[in-house]
Amino acid sequence: MEKQSYQYIENPLQVTRREFITIGGIVVAFLAIPTVWITLVTSSSSRYLQARTKGLYQDDTKAAVRVSHGNKSVARYYKEFGGTPLGQISEELLHTKYINRTKVLS
Amino acid sequence: MNVTAKTYQKGEIPGVIAINATVCKGCDACKRHCPTGAITGMFGTTHRIDVDLCLSCGQCLINCPFGAPYETSDTVDEVIAKLKDRNNTVVGIIAPAVRVAIGEDFGLPAGSLVTGKLYGSMKKAGFEILDNNFTADLTIMEEGTEFITRARHALFGEKSEHGGEIGPLPQFTSCCPAWVRFVETRYPTLIPHLSSAKSPQQMAGTVAKTYGTNVWKKSPESIYTVGIMPCTAKKLEASRPEFNAAYKYNKKNGRGLTNKPYPDVDTVLTTRDLSRLFKKLKIDLAQEEEVAGGSLLADYTGAGTIFGNTGGVMEAALRTAYAVLTGSELKPLEFKPVRGLQGMKSASVTLKDAKYNKEVTVKVAVVHNMAENIQPVVNEVLAGRSPYHFIEVMNCPGGCINGGGQPVCSSGSSWISAIRPWFAWK
């Protein structure tokens, strides 16, 4: 059997073990900062979003009536004043038209 | 006023949001949140807003880490003056999303539901209350009926009962003023798809100055309506000159005293503005008594209140449309597929139209966070390939609860508040 020769350079960058650990630590810390930051940012924004969303669904769950057509005051409005949905008064007061704003307006 | 603005009618606020050049650091954070790319300026230089592209949604304002964007319209002092003037009946129109956010400005945890305390504080300040949830229910009656009319026209060829023209499907919701302006400035061919129903705020203003005169026993001229909204775009919406339907109605029917036109909604305060108003009047909302609304215009249902969440309008509309079409209530009432923070949600409901005795499948979609999610939906409808019948669109991520008029730093809606405690300076 022939003896295999190979080249090996001990410590090519000339850093001590201590320096290597220090540099490695700094690199890891820098890589970690954006991760921490992104989680902080996303979690804080979705946390308050979820809290407010939950608040409104809570308001729905505890409501005695949970459907719009069951709102007695709305029914009273139509009976005393508004007529029917899409009726003449509704068209006049509760509906609108939109504007093409791609033409110069002012 | 910007003299070159082209997309505003006379009398409208030409852009509610502007950037304070001395505060802007040019960090580009706002650009990620802008639905139309209206913010110009290189990274590192002072940014500006193009008012013709701007929808006034205020997402840049609540997401700027330095607080550079500000509102050009501030009427807190005007409203306080009206409250002190005893000749006026000042009506506060409270949007759904305000009641789960305003507590944050008074030290309560995020998401606290404070309807009773809010009513109490408003009464103490001198407001009469018209809960916008009442008109949200009214919106469902109008918009839901409109949807049923459009759907029956498309499916069964039914003619309009009132002889009017019937719009095409899919029907888009029209509650969100930023979305409406987006359509009007970019895709006017989609206008027929928008529901003709006014937003709940505009319905509220009109109802307050017509039917409301019987409720409060006041003349329409003495009623001063204040929209209290989680939204900056509502300020622009209220300033649209065509929104004086109550004036026209009263004049036509001999109910008016003056010939001076008045708007349906006189002014709009954001949730932040209202907190400021309470603080100026030394009212601490957190310590207030819980009281009831006080008139039938403050009665609302669970369907009205969920308008503030993404998917809420759709869920409320489905509950009513289902009942009207089939004659029985939707069970369970919670319609889960349209809930949650997923960018684009879709669902379908198969039901039997009792009038025609036929099975129909209603396909609906819900879009929020327009900056990221709107384009594919719009493209589909423009190309005539949209599989949906009814589409809800809200500009802000999460819906109105995260609107541009909501409290900012206390809850961490600005990303820098999350890291601010790490630094000695504030």
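In strand β12 of chain B, B:Ile391 is the bridge partner of B:Phe172. Strands here are DSSP runs of type E with at least two residues, helices are runs of type H or I with at least four residues, and both are numbered from the N terminus. The model is predicted: local features need pLDDT of at least 70, side-chain atom pairs count only at pLDDT 80 or more, and totals for chains, interfaces and linings use all residues. Residues are numbered from 1 along each chain as its sequence is written, chains are lettered from A and ligands numbered from 1 in the order in which they are written, and side-chain values use heavy atoms, with hydrogens and water left out.

β7(B) pairs with β12(B) (residues 390-393) in the parallel sense, over two bridges. Two strands pair if DSSP finds at least two bridges between them. Both strands belong to an open sheet of four strands in chain B, in the order β7-β12-β11-β10. The pairing in this sheet is mixed. Its edge strands, β7 (171-172) and β10 (344-353), each pair on one side only.

Chain A was assigned two domains, domain 1 (16-63) and domain 2 (64-101). These bounds come from an automatic or database domain assignment. The C-alpha centres of the two domains lie 45 Å apart.

The contact between the chains (heavy atoms within 4.5 Å) takes 84 residues from chain B and 54 residues from chain A. Together the chains bury about 6,000 Å², 60% of it on carbon and sulfur atoms. Buried area is the accessible area (1.4 Å probe) that two parts lose on being put together, summed over both. B:Glu142, B:Tyr211 and B:Tyr249 supply 10% of the area that chain B buries against chain A, more than any other three residues.

Side chains of opposite charge can pair when their charged atoms come close. A salt bridge is a side-chain nitrogen of Lys or Arg within 4 Å of a carboxyl oxygen of Asp or Glu. The whole structure holds 29 salt bridges over all chains. Seven salt bridges are found across the interface of chain B and chain A. A:Glu92 forms a salt bridge with B:Lys252, with the closest N and O atoms 3.0 Å apart. A:Asp60 and B:Arg339 also meet in a salt bridge, at 3.8 Å from N to O. A:Asp60 lies in helix α1 (residues 17-61) of chain A and B:Arg339 in the loop between α12 and β10 of chain B, so this pair joins two chains.
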